[in-house]
Amino acid sequence: MTQISTVRKLLIGCGAIATTVLGSLVQSASAAEQFNNQTVQFDGDTIIEFQFLGSNNAAQSTFGVLNLATGEKVPLISEARAQDRPGKNRVGTAGKAVRKPFAEYTFKSGTPYTLYLESTVKGKGTTTVYSVPDKNGGAQLAKFDNEATALGTQGVKIGWNDGVSGRGNDFNQFLVIAGGGIGCPCKPSPILTAPIPPEVPPTRNNAPSGRG
């Protein structure tokens, strides 16, 4: 397999797309390649970065990639908890519900894939839905807002119905974006990637005095 250079990895780390085809760098997929509900498949080894955008559901979910040729499942982005404030609302955001909102995956040349979302509610039961409707008994539970040709420009947003939250067909229960954002070099925002500090219990030294 052709080695993926540091330059290619840097470009992808900024949310773009790169393919190893005779050593060249390709910033957008060809029309023949697919990134949609039919399949995910590329003509060359391709790295794509994914970013978590938000969730709005009762479930705690993990987003990943399934290799349809080998059956290998690779989790990419996971919620540490179902919502930012459990019991208050259903909103999950990067840095709170999801501690690591960025991930990347290398798609092998000519290999068919599907994306998946695996969800549990309060730790009970596991439901897995796929971007390919055939694996959901014919139901479309993921929606792509663009084709593969947009991966190197504005990116492709993918909205999910998790199959367990009962919120209808709005495709907003878990949102990610693939590709997009060519500007380099860059680093993810420290707000999204820094560890969340534990709450400090009040002590005599840091407790409020109660005076105005």
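Reader: How many of the five residues of strand β12 are buried?

Author: Happy to start there, with the reminder that this is a predicted model. Strand β12 covers residues 156–160 and is mostly covered. Of its five residues, the number buried is four.

Reader: Which strands pair with β12?

Author: Let's take the partners in turn. Strand β11, residues 142–144, pairs with β12 in the antiparallel sense over three bridges. Strand β13, residues 174–178, also pairs with β12 in the antiparallel sense, over five bridges. The partners are therefore, with at least two bridges needed for a pair, β11 and β13.

Reader: Where does Ala150 lie, and is it buried or exposed?

Author: Ala150 is found in the loop between β11 and β12. Leaving out residues up to four places away in sequence, Ala150 touches Gly155 and Val156. Its relative accessibility is 5%, and buried means under 20%, so Ala150 counts as buried.

Reader: What distance separates the C-alpha atoms of Ala150 and Ala178?

Author: Along the chain, Ala150 and Ala178 are 28 residues apart. In the model, their C-alpha atoms are separated by 9.3 Å.

Reader: Why does Asn37 count as buried?

Author: Asn37 has its place in the loop between β2 (34–35) and β3 (40–41). Not counting residues up to four places away in sequence, it touches Ser131, Val132, Pro133, Gln140, Ala142 and Phe144. Buried means under 20% relative accessible area. Asn37 counts as buried because its value is 16%.

Reader: Which residues form the covered face of strand β8?

Author: Strand β8 spans residues 102–107 and pairs with β4 in the antiparallel sense over six bridges. Glu49 stands opposite Glu104 in β8, and Glu104 belongs to the uncovered face with Phe102 and Thr106. The covered face is made of Ala103, Tyr105 and Phe107.

Reader: How many aromatic pairs are there, and what is the angle between the planes of Phe35 and Phe42?

Author: Rings pair if their centres lie within 6.5 Å. By this rule the count comes to 10 aromatic pairs. Phe35 and Phe42 form a tilted pair, with centres 6.4 Å apart and an angle between the planes of 40°.

Reader: Which ring does the charged end of Lys73 sit over, and which one does Lys135 lie over?

Author: The charged end of Lys73 is 4.5 Å from the centre of the ring of Tyr116. For Lys135, the distance to the ring centre is 4.9 Å, and the face is that of Tyr130.

Conventions
Residues are numbered from 1 along each chain as its sequence is written. This is a predicted model: local features need pLDDT of at least 70, side-chain atom pairs count only at pLDDT 80 or more; totals for chains, interfaces and linings use all residues. Side-chain values use heavy atoms; hydrogens and water are left out. Rings of Phe, Tyr and Trp (its six-membered ring) pair if their centres lie within 6.5 Å; planes under 30 degrees apart count as stacked, over 60 as edge-to-face and the rest as tilted. A charge sits over a ring if NZ of Lys or CZ of Arg is within 6 Å of the ring centre and within 35 degrees of the ring normal. Buried means under 20% relative accessible area, exposed over 50%, partly exposed in between (1.4 Å probe, protein chains only). Helices (H or I, at least four residues) and strands (E, at least two) are DSSP runs, numbered from the N terminus. Contact means heavy atoms within 4.5 Å.
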